[in-house]
Amino acid sequence: MATLSRPVADAPPMPSNRRNLLQRIWDAKFVYLILVPTFVLLVIFAYYPFVNALYRSLYDWNGVNVSNYVGMENFATLLSLKFATVDPKTDEVTGEPLRDEAGNLVYEDIRRVMRNNEEEFEDFKAYTSIQIGDRQYHLVAKDPVFIRSMGNMLVFVVADVAKAILIPILLAVMLYHLWSHRWRYIFRIMLILPAVVPGVVYILLWRDFFKMPSGNQQAGLVNQLLGLIDPNLMHTWLGDVNTVIPALIFTGFPWVNGANTLILLAGLLSIPGELYDAVRMDGAGAWTTFRRLELPMLRGPIRLVLVFALIGAVQGYTGILIMTNGGPANASMVPGLWLYQNAFQFNRYGYASAIGVILFIILITFTVASQRMLRSEVEYEG
Amino acid sequence: MFYDKTFFDAHGIAAPTTWNEFIDACWAIKDAGALPMYIALKPNDAQWFWPTGMIGNFAMRSKVEEVNLLHAEGWTFDVEDPTSTIGESITVDEAWVAFNKGILDPAVAPEFRIYAEMAKEWADACTDPQAALAADGNEVYQAFWTGQSKIFMNGTWFISTLVNELANLPEEQQFEWSIFAHPTPTTENGDVFSMGAINQNMNLRNGFIVPKGLDPAKEAIAIDFLRFMTSTEEATKLFSLNRVDEATGVEYPWSYDPPAIVGIPMRPGTEALYPRIDYGEMGLFLTSAPGDTQSWTEWLTFFGQEYLGGMIDIDTVLEEWSFSLEDGLERSLETYRDEVDQAFIDANLP
């Protein structure tokens, strides 16, 4: 930086710190000038939409002719949850619980219960329920699809983070310990090659892998393999609300992520050889070397991969859009896709902006947490 | 409705004309070990929601005058006269009044229940609902020409694709195709189907609209353009069949849909695929609120995926439908608030 600073002879007197700062800025004016277009574009295309989304999240805005200020109502709708209990129906005369032909207790439908208690449950819809004893406990929400999408997002966050770290670490360590540098190079190329296949192709292939036989069409690869074990194992994985999430998580198996593997491999390659010599002299085996030396030294790359995986899992929806469109029956909905549908299918831009703001808060929380983790750890210098 | 005539003939299945014959034909196809229709219970396959409008409007014909209250003076509905509905439409405030009176409330009006029962009957007989939940709309075309399914609902614009794709298949996989008009419900399916038959071309309301309140100069340009587009000479050009594709050499002797515009002749030498029959029709059957895509998307989910997919029963779907439609109509009243006649609503709803 010293090369950019030079004293200005006729500069007016001012406090030395401030003078030094302004002087340095003036001296580096061409550098700042060159940066201006970048920041102007950043402000126009990144910061302005973001600030506008914050502002619009306070409106009922359809993008055309309706733009009513609603304060925090969009957020209240998104996050409103209530419990409702339903007891079995009873005979009006005897007071005994009513039972159907199979002997099961009969309950009023939760939708009808809410309709009959409109003051308490106005705008609420059924989300999920459990039965404890004879009583049904219903969780109802103003936007049950959003609540479901948040639950799905958490599942995908855990799964995606695990997939983004565990398999790549395993692969990176195996590659690192290959004796042959030539083979290590070949495997690195092989790992990164699939990344050049367009993601859509990959997703469409997996959608076909899950297919059941239909008409004269054969089953997809997954069902063909399962059929070899037992034909009863074949299933419409993407068409069942109970299996669609596990199927989406399974997609991409064995989850070889070339980019993450290379980041982690680069981390391993930066570990000084002396440290390996030291642990070897201490008699450490492969597992101890991994646990005591390699894993701690990989914390930096792991955090990087972790943050990218978190951001992808919170914001991502492309794969789900193509594979299931959030279905069946919204069972695989995620917040990003719900945002997209509200904005571009329902013209509820204000509401969609509110979803975006909530996602932003979640992401910023994750990012700040990971930064704090970074600061709290000891860094190893190479 | 495109069908695999080779398969139908081989198994002695006749092309159906009534709804009940259609259901029977589907079961016969399944008994022969094939899949009648490959559908996707998603927004990008119209096969499962297209009939809703046709059958729903048919079922509701007796209610047209009760709903279309803001009609022109002296207007009456005549099912046998398609022109009787020209210039009339159901507005959001009319729909709101009819919904609150129960005429268009799915939880109350019997026509909605009848349609829901028929749709489920069709889903079970003619499709594989589980596969349909996982399928995507862009697969359904190929499923027909590759023989995966035996019936495919689409427009006549599909003909050229079908002919080309079949020509590309090995000879042993090719089949003779034909079409039948969408089967019509009859009084066997309910008394609500006593006024005419299904309107397979939907109605004469598909077309062009010049919005109210346009600048007179712009209005004149718009009307001039529409007169040009609907002139005999220009409209005839839109029927692009009865030609030979220069690239493939494939001949297209068929006509598209029989012309809907009075006075537009079929091209010389073309063959009509089915006779044009029209009834007076109004778009009454509200799957969703006018101009409200949210209630439409909700309907696609709870009616298509949850109900036809076998996750919820008929009572639940009608309740959901009612809630969703009510919410959607409230949103539409807000969206079109400048056109809503509040005095009309107040006068008709206690």
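How many residues does the contact take from chain B and from chain A?

1. Contact. Chain B gives 32 residues and chain A gives 31 residues; contact means heavy atoms within 4.5 Å. This is a predicted model, in which local features need pLDDT of at least 70, side-chain atom pairs count only at pLDDT 80 or more, and totals for chains, interfaces and linings use all residues. Side-chain values use heavy atoms, without hydrogens and water.

2. Buried area. Chain B and chain A bury about 2,700 Å² between them. Of that area, 44% lies on carbon and sulfur atoms. Buried area is the accessible area (1.4 Å probe) that two parts lose on being put together, summed over both.

3. Salt bridges. The interface of chain B and chain A has 5 salt bridges (a side-chain nitrogen of Lys or Arg within 4 Å of a carboxyl oxygen of Asp or Glu). One of them pairs Arg112(A) with Glu319(B), with the closest N and O atoms 3.1 Å apart. On the chain B side, α7 (129–134), α12 (293–308) and α13 (314–335) each supply at least two of the residues that touch chain A. The largest share, 9 residues, comes from α13(B). Helices are DSSP runs (H or I, at least four residues), numbered from the N terminus.

4. Disulfide. Over all chains the count is 1 disulfide (a pair of cysteine sulfur atoms within 2.5 Å). Cys26(B) is joined to Cys126(B), S to S 2.0 Å. The link is right-handed, with 95° about the S-S bond. Cys26(B) sits in helix α2 (residues 19–31) of chain B and Cys126(B) in helix α6 (residues 110–126), 100 residues apart.

How values were computed. Residues are numbered from 1 along each chain as its sequence is written. Chains are lettered from A and ligands numbered from 1 in the order in which they are written.
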